[in-house]
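Hi,

Here is the structure I promised to pass on to you. Have a look at it first, and then read on for what turned up when I went through it.

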Amino acid sequence: MDPVRADQAQRQKWWRKYSAVINTTQYGGYLELEQSATTLRSYEPQLVPGLLQTPEYARQVITAMRVDLDAKQVEDLVDVRMNRQALLIRDDAPKLWAVIDEAAFRRIESRPTVLKEQLEHLLDAEPRTNITLQLLPFAAGFHPGLDRSFMLMGFPEPNPDVVWVENLTNSVYFEGSDDVGRYTEVFDHLRATALGAPETRSRIKSMLKEL
């Protein structure tokens, strides 16, 4: 990692107390990058991004996806996820642009209480000037982001942008211009295809009325 980025990442290593479970989930490297980024562009095909999740939504997601963890480890990861969100209200908060597939919301319709709380949380978060939220509707059909989530992270000059891709058994990041350029192209396509921010807010309100 570039020395400048490393210096920035050192400033808030609050996650050290969760080192055991973070090591288990290969989370540490991601957190260092996320904490020092100035821009975050997220695409999620199946889930609400971690930076925008409610505690109960996060708890249910982690419990379902990480069957290898015990109850204490799950709660530790929920705490980590909630602590991550503090970066969005810092004085030097990064700009977050999140594109979320409609599937992320329809997937939890069987848990209306959890969904209601999560949708209300998104409505509360979206008016912040550093957060842009777009919903990618089913009507968009096939698109280049169908198969995986990713996060594009921007940093102060001269540090290069990084794209982080999370898989089932490991997570990888790329900082080569070709890789970052390809994911940037995909993200630009997704945000152009998704509903605009006002339309997204209206769609979330409509979902709430359906509950």
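This is a predicted model: local features need pLDDT of at least 70, side-chain atom pairs count only at pLDDT 80 or more; totals for chains, interfaces and linings use all residues.

Strands E2 (residues 95–101) and E3 run parallel and are joined by six bridges.

As a reminder, strands of a sheet pair through backbone hydrogen bonds, and they can do so in parallel or antiparallel fashion.

Strand E4 (residues 150–154) runs antiparallel to E5, with four bridges between them, and leucine 152 stands opposite valine 163 in E5. On to E6: four bridges also join E5 to E6, again antiparallel, and here tryptophan 164 has tyrosine 173 in E6 as its bridge partner. Strand E5 (residues 162–166) is largely enclosed by the rest of the structure, because four of its five residues are buried.

For the overall picture, the protein chain has nine helices along with the six strands. Of its 211 residues, 47% are buried. If you take the contacts in the protein chain with a separation of 6 or more, 75% of them are between residues 24 or more positions apart.

Methionine 153 deserves a click in your viewer. Leaving out residues up to four places away in sequence, methionine 153 touches Tyr30, Leu33, Glu34, Ala37, Thr39, Leu40, Asp161, Val162 and Trp164.

The structure holds 16 salt bridges. In one of them, arginine 59 is paired with glutamate 75, and their closest N and O atoms are 2.8 Å apart. Arginine 59 sits in helix H4 (residues 55–65) and glutamate 75 in helix H5 (residues 71–84), so this pair ties together parts that are 16 residues apart in sequence. Both ends are partly exposed: arginine 59 has a relative accessible area of 25%, and glutamate 75 is at 31% relative accessibility.

Another spot to look at is glutamate 102, which takes part in two of the salt bridges described here. With arginine 106, the closest N and O atoms are 3.1 Å apart; with arginine 203, they are 3.8 Å apart. The second pair links distant parts of the chain, since arginine 203 is in helix H9 (residues 197–210) and glutamate 102 is in the loop between E2 and helix H6 (103–106), 101 residues apart. Is glutamate 102 buried or exposed? At 7% relative accessibility, glutamate 102 counts as buried, whereas arginine 106 is partly exposed at 23% and arginine 203 is partly exposed at 27%. A network of salt bridges links Glu102, Arg106, Glu109, Arg203 and Glu210.

Glutamate 44 is another matter. This residue, in strand E1 (residues 39–44), is buried yet has no salt bridge. The nearest side chain of opposite charge belongs to arginine 84, which is 7.6 Å away. What does glutamate 44 contact, leaving aside its neighbours within four places in sequence? Its contacts are Pro49, Val99, Ile100, Asp101 and Ser149.

Best wishes

Technical notes: Residues are numbered from 1 along each chain as its sequence is written. Side-chain values use heavy atoms; hydrogens and water are left out. Helices (H or I, at least four residues) and strands (E, at least two) are DSSP runs, numbered from the N terminus. Buried means under 20% relative accessible area, exposed over 50%, partly exposed in between (1.4 Å probe, protein chains only). Lys and Arg count as positive and Asp and Glu as negative; His and the chain ends are not counted. A salt bridge is a side-chain nitrogen of Lys or Arg within 4 Å of a carboxyl oxygen of Asp or Glu. Contact means heavy atoms within 4.5 Å. Two strands pair if DSSP finds at least two bridges between them.
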